[in-house]
Amino acid sequence: MVVVGLTGGICSGKSTVAATFRRFGATVIDADQVAHELVEPGQPFFEAVASAFGREVVGADGRIDRRRLGAIVFADPKARRRLEAILHPAIIEECERRIRQAGASGASACLLDAALLIESGWHARFDAVILVEASEAVRLDRLVGARGLSRDEAMLRIRSQMPQEEKRRHARYVIENEGSLEETERQVKAVWEQLRAKASS
């Protein structure tokens, strides 16, 4: 089984690309979804996050309010590092368990979708890294339009991440995701064919 990391800046369109790979037959593990599950009420990391950042990050529904938590950690690098120190080891452990599970089930290719794949140094563990790119202007528009952030909030999130130019140095494949869905799909298919060839060689 070939194991590949999929990453990209916020609102670059990783989810769209991941869904396309899944449609072509890849097993896709979403690190953000794993993080969601780890901080559900009743899970050990719910209390860890609530204790570290205060009860104000718990919403009226009793769950961690990711928007409130995001506003804190994207405005304060120390707070962001504190959150990462709490969650990242557990996220990696659970994702690795799911990768092993995919291999045991006979998957030919497993993609791990993770925003901080390169920043965390986790990328070195994968057979290849796929970077999804979109310009800062496009990502800013997506954050404001789709997520309802102010332009200042959106820029804080974009600027908190490693620049795309730096991420590109670690990527074997780059998918440009600013055009039509058809163009994105064409690029995904080309990468998928290469991954399948690698898996069967």
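# Close-up views of a predicted model

**View 1. Strand 4 (residues 128-133) and strand 5 pair in the parallel sense over 4 bridges.** Helices (H or I, at least four residues) and strands (E, at least two) are DSSP runs, numbered from the N terminus, and two strands pair if DSSP finds at least two bridges between them. Within this pairing, Leu-131 stands opposite Val-174 of strand 5. In a regular strand the side chains alternate between the two faces of the sheet. In strand 5 (residues 173-176), Tyr-173 and Ile-175 make up the covered face, whereas Val-174 and Glu-176 make up the uncovered one. This is a predicted model, in which local features need pLDDT of at least 70 and side-chain atom pairs count only at pLDDT 80 or more, while totals for chains, interfaces and linings use all residues. Residues are numbered from 1 along each chain as its sequence is written, and side-chain values use heavy atoms, with hydrogens and water left out.

**View 2. The largest pocket holds about 1,300 Å³ of space.** Of its 45 lining residues, Asp-32, Arg-66, Phe-74, Ala-115 and Gln-161 are the closest to the centre of the pocket. Two or more lining residues are given by each of helix 1 (14-24), helix 2 (31-38), helix 4 (66-75) and helix 5 (77-104), and the largest share, 9 residues, comes from helix 5. The lining divides into 21 nonpolar, 12 polar and 12 charged residues, where Ala, Val, Leu, Ile, Met, Phe, Trp, Tyr, Cys and Pro count as nonpolar, Asp, Glu, Lys and Arg as charged, and the others, Gly among them, as polar. A pocket is an open set of points on a 1 Å grid over the protein atoms alone, where a 1.4 Å probe fits, with protein on both sides within 12 Å along at least five of seven lines, and lining residues have an atom within 4 Å of a point. Grid points are joined across faces, edges and corners, and the volume is the space filled by probe spheres set on the points.

**View 3. The buried residues of helix 4 are Leu-69, Gly-70, Val-73 and Phe-74.** Seen down the axis of helix 4, these residues fall within an arc of 115°, so they line one face of the helix; the arc is that of the directions from the helix axis to the C-beta atoms. Buried means under 20% relative accessible area, exposed over 50%, and partly exposed in between (1.4 Å probe, protein chains only). The cover over the buried residues of helix 4 includes helix 3 (44-53), helix 5 and helix 7 (151-159), contact being heavy atoms within 4.5 Å.

**View 4. In helix 7, the buried residues are Ala-154, Met-155, Arg-157 and Ile-158.** Their arc around the axis is only 160°, which puts them on the same side of helix 7, while Asp-152 and Arg-159 are exposed on the other side. Helix 4 and helix 6 (136-147) are among the elements that cover the buried residues of helix 7.

**View 5. Glu-96 has its place in helix 5.** Glu-96 counts as buried because its relative accessibility is 15%, and, not counting residues up to four places away in sequence, Glu-96 touches Trp-122 and Arg-125.

**View 6. Cys-11 is found in the loop between strand 1 (2-8) and helix 1.** Although Cys-11 is not a glycine, it has a positive phi of about 60°, and with a relative accessible area of 14% Cys-11 is buried.
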